[in-house]
Every structure is written in C-alpha cells, then in structure tokens.
Amino acid sequence: WDNYLDLRLSMPAQPGQDGSCGNFDGNAENDSTQDIMSRIGFQVPQGELLFQSRAEIEITSTEEKLLRLCPPEKKNEGTAKCRAEGAAEGRTLQSCVINYCFGSN
C-alpha cells in the first residue's frame, strides 16, 4: 500500500504501555481492536506523534470496498465511536471505521 507504514519496535514492557498490538498484559482477550480503541482512542494524540504532523489520509479502492463489506450494525457502531473520539467526517472518519470493522487484533 502506498499510504502504509510497517515498523517493528523491540523493547521491554513499560508501565501503561498500550497500542495497536495490545497492552502486553499477557491477556489476548482484551487486545481486540474495539478494546484498544476504548483504552487509547482511534489515533495517537497530537502531542504523542512520532513525526511532526499527521500524514494526509488517503482511502484506497480496497479500503472503499472494505467499508462496503463491513456489516451495517458494526459500521454504525464504529461510526458512532469514531465520532465520539473526534473523527471528523470524510477520510479521517472512514479510516477510523475501517480500523473498527477490520482491525486484526
């Protein structure tokens, strides 16, 4: 994907550590995408960004297809939660809903 970054971090567990891979408490049951989003939100807070600014979000044709495949109930639930977390309309909201519907945690 042209708008995707893969990276691997290796480090010992830190107090309060949490992220898209989970919270490293040894309990995979609380590491679903929905659980993670409920703990830390749909995106990294501005003050914690690794880079100085956010990249422009681009929704690919594959992601548009994923949005259409998301079950309506789950899509509506994700849309509501993403809006509650501050995701505006447009690509930011779409990206958040994709993560909610298809996060692979």
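**View 1. Methionine 37 and the residues around it.** Leaving aside residues up to four places away in sequence, methionine 37 touches Phe42, Cys82, Glu85, Cys96 and Tyr100; contact here means heavy atoms within 4.5 Å. Please keep in mind that this is a predicted model, in which local features need pLDDT of at least 70, side-chain atom pairs count only at pLDDT 80 or more, and totals for chains, interfaces and linings use all residues. Residues are numbered from 1 along each chain as its sequence is written, and side-chain values use heavy atoms, with hydrogens and water left out.

View 2. Buried means under 20% relative accessible area, exposed over 50%, and partly exposed in between (1.4 Å probe, protein chains only). Helices are DSSP runs of H or I with at least four residues, numbered from the N terminus.

**View 3. A salt-bridge network at arginine 39.** Asp18, Asp31 and Arg39 are linked in a network of salt bridges. A salt bridge is a side-chain nitrogen of Lys or Arg within 4 Å of a carboxyl oxygen of Asp or Glu. Aspartate 18 pairs with arginine 39, with the closest N and O atoms 2.5 Å apart. Aspartate 18 lies in the segment before H1 and arginine 39 in helix H1, so this pair ties together parts that are 21 residues apart in sequence. For aspartate 31 and arginine 39, the closest N and O atoms are 3.6 Å apart. Aspartate 31 counts as buried at 14% relative accessibility, while arginine 39 is partly exposed at 33%.

**View 4. Glutamate 89 with arginine 83.** These two side chains meet in a salt bridge (2.7 Å, N to O). Glutamate 89 is exposed, with a relative accessible area of 55%, and arginine 83 is partly exposed at 44%.

**View 5. A nonpolar patch on the surface.** Leu5, Leu7, Leu9, Leu50 and Phe51 form this patch, with about 630 Å² of accessible area together. Such patches join nonpolar side chains (Val, Leu, Ile, Met, Phe, Trp, Tyr) within 5 Å, using residues with over 30% relative accessible area and no salt bridge. Accessible areas come from the Shrake-Rupley method with a 1.4 Å probe. Leucine 7 lies in the segment before helix H1 (33-40) and counts as exposed, at 56% relative accessibility.

How values were computed: Patches are made of residues with over 30% relative accessible area and no salt bridge: like charges are joined within 9 Å, nonpolar side chains (Val, Leu, Ile, Met, Phe, Trp, Tyr) within 5 Å. Helices (H or I, at least four residues) and strands (E, at least two) are DSSP runs, numbered from the N terminus.
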